[in-house]
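Please open the structure in a viewer and keep the selection panel at hand.

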2 protein chains.
Amino acid sequence: MDLPKSIQDLVESFEMLPGIGPKTAQRLAFYVLRLPLDDVKRFSESVNSIKENTKICKECFNVAEDELCSVCANPSRGRQTICVVESPLDVIALEKSGYKGVYHVLHGFINPIAGVGPDEIFIPQLFNRLSLLGEAGVQVSEIILATSTSMEGESTSMYINRELVKNYGDSIKVSRIGKGLPMGADIEFADERTLSDAIQGRTTI
Amino acid sequence: MDLPKSIQDLVESFEMLPGIGPKTAQRLAFYVLRLPLDDVKRFSESVNSIKENTKICKECFNVAEDELCSVCANPSRGRQTICVVESPLDVIALEKSGYKGVYHVLHGFINPIAGVGPDEIFIPQLFNRLSLLGEAGVQVSEIILATSTSMEGESTSMYINRELVKNYGDSIKVSRIGKGLPMGADIEFADERTLSDAIQGRTTI
């Protein structure tokens with residue numbers, strides 16, 4: 001049986017999304033078909049307006065509704081600490097940790113195999129931001145490199161660290177987020193790399 | 001951090017869908033944000049038009065583009081055999097089996113706990129269809145009950161069978177889809193119910 005074209009169109013749209021295969025796409029499309037018309041209209045409208053109504057924060061390149069994202073627009077956030085992350089989703093996650101500084105969103109990581117160099121993500125904008133802040137007399141005291149601990153995340157952090165040392169020497173402290181065992185983990189099942197990070201990153205009690 | 005409203009709206013729309021939790025909804029919304037504008041427009045349009053452009057087949061209640069679904073509109077399908085299924089997705093799956101008859105889509109199953117009785121799904125329409133076919137001189141020879149083998153699917157089949165016997169006696173053969181081991185299954189890991197079905201449904205070679 002050929003699916004009616006309007007259903008097939010929605011199946012194909014769902015299939016574009018990550019982690020959604022042909023079967024799930026079909027199931028979702030039929031689910032949408034049975035939703036109340038109001039919900040369907042709202043869904044369509046929210047897909048339609050997401051690109052138009054979302055801006056990029058001019059300070060930190062996080063997603064925003066206005067010129068500044070809600071973090072940068074908050075006067076109580078410490079501007080002396082900048083936490084460098086790969087994506088806006090990382091900002092959402094880190095906000096739950098109680099971090100009180102500001103962010104810089106790279107929108108990706110250095111990945112030479114995929115042809116993504118330092119200039120393809122928002123690394124030049126980080127240095128530009130630092131020099132503008134310097135001109136404005138704001139002294140950034142620490143940059144926390146909070147890219148993921150994958151190989152690409154590590155090399156992105158290493159690259160930024162090297163460039164920061166080259167340009168700012170000791171005047172800006174550069175740190176990497178702590179590595180070790182996640183909460184609730186069994187030492188028995190942890191991989192050797194995590195354990196070696198945990199030993200190195202041990203703290204005195 | 002509060003998400004920008006346009007992103008939050010889409011996250012909430014995705015969260016309505018089955019099997020999509022808050023984290024996945026966020027990830028999907030951010031993925032849509034990065035899609036090319038054309039793809040986003042097409043996605044929005046396909047959501048918007050799915051309800052408007054989809055009809056229900058007046059014969060079998062399958063989804064359709066016109067008055068009749070593509071199965072009922074096909075003159076080469078055998079109208080003497082009607083396969084009763086729970087949903088249009090089951091039609092898609094059964095079409096791959098090479099079945100050459102027509103269908104009747106119930107759009108659900110009898111589920112007293114959820115308040116779904118025989119009249120809430122398209123069971124009265126099945127009997128109406130049979131009597132209209134009888135008036136038109138078409139003799140239905142077999143009804144295959146292909147509801148799922150869950151408890152609800154079984155009781156839906158049992159109910160329809162009882163009503164068919166009450167109304168048509170022996171004049172219509174009623175069958176239930178074959179039950180047993182699925183292809184590639186290990187007998188060792190099969191549950192006792194499946195094994196008992198497989199023994200009862202054994203065929204001579």
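Is R129(A) buried or exposed? R129(A) has a relative accessible area of 7%, so the residue counts as buried. Please keep in mind throughout that the model is a predicted one.

**Second stop: helix 6 of chain A**

Select K166(A) and E163(A) next. They form a salt bridge in which the closest N and O atoms are 3.0 Å apart. Both residues lie in helix 6 (residues 151–168) of chain A; because they are three residues apart there, about one helical turn separates them. K166(A) is exposed, at 62% relative accessibility, while E163(A) is buried, at 16%.

Then select E154(A), R176(A) and K179(A), which are linked in a network of salt bridges. Over all chains, a search of the whole structure finds 22 salt bridges.

Move to chain B and select E95(B) with R77(B). Their salt bridge has its closest N and O atoms 2.8 Å apart. Here too, distant parts of the chain are linked: E95(B) is in helix 4 (residues 88–95) of chain B, and R77(B) is in the loop between strand 2 (63–64) and strand 3 (78–85) of chain B, 18 residues apart. E95(B) is buried, at 16% relative accessibility, and R77(B) is buried as well, at 9%.

Return to chain A and select helix 4 (residues 88–95). Which residues of this helix are buried? They are P88(A), V91(A), I92(A) and E95(A). These residues cover an arc of only 100 degrees around the axis, and therefore lie on the same side of helix 4 of chain A.

**Fifth stop: where the chains meet**

Show both chains together. In this model, 52 residues of chain A are in contact with 52 residues of chain B. The two chains bury about 5,000 Å² between them, and 72% of that area is on carbon and sulfur atoms.

How many salt bridges are counted between chain A and chain B? There are two. One of them can be seen by selecting K41(A) and E52(B), whose closest N and O atoms are 3.0 Å apart. Across the interface, 16 residue pairs are found in polar contact.

On the side of chain A that touches chain B, helix 1, helix 2, helix 3, strand 2 and helix 4 of chain A each supply at least two residues. Helix 3 of chain A gives the most to this side, with 12 residues.

Select T54(A), which lies in the loop between helix 3 and strand 1 of chain A. With a relative accessible area of 14%, T54(A) is buried. A polar atom of its side chain lies 2.6 Å from the backbone oxygen of I50(A). The side chain of T54(A) also makes a polar contact with the side chain of S6(B), at 3.0 Å. Leaving aside residues up to four places away in sequence, T54(A) touches V63(A), A64(A), S6(B), I7(B) and L33(B).

Which residues of the largest nonpolar core touch the most other members? Among its 40 residues, they are F14(A), F43(A), F14(B) and F43(B). Helix 1 (5–15), helix 2 (22–34) and helix 3 (37–50) of chain A each supply at least two residues of this core, as do helix 1 (5–16), helix 2 and helix 3 (37–50) of chain B.

To end the tour, center the view on F43(A). Not counting residues up to four places away in sequence, F43(A) touches F14(A) and V32(A) in chain A, together with L10(B), S13(B), F14(B), L17(B), F43(B) and V47(B) in chain B.

Conventions:
Residues numbered from 1 in each chain as written. Chains lettered and ligands numbered in written order. Predicted model: local features only at pLDDT ≥ 70, side-chain atom pairs only at ≥ 80, totals over all residues. Heavy atoms only, no water. Buried < 20%, exposed > 50% of the residue type's maximum accessible area, 1.4 Å probe, protein only. Helix = DSSP H or I, 4+ residues; strand = E, 2+ residues; numbered from the N terminus. Arc of directions from axis to C-beta. Core = buried A, V, L, I, M, F, W, Y, C linked by side-chain atoms within 4.5 Å. Contact = heavy atoms within 4.5 Å. Buried area = accessible area lost by both parts, 1.4 Å probe. Salt bridge = Lys/Arg side-chain N within 4 Å of Asp/Glu carboxyl O. Polar contact = N/O pair within 3.5 Å; in protein donor to acceptor, adjacent residues only side chain to side chain.
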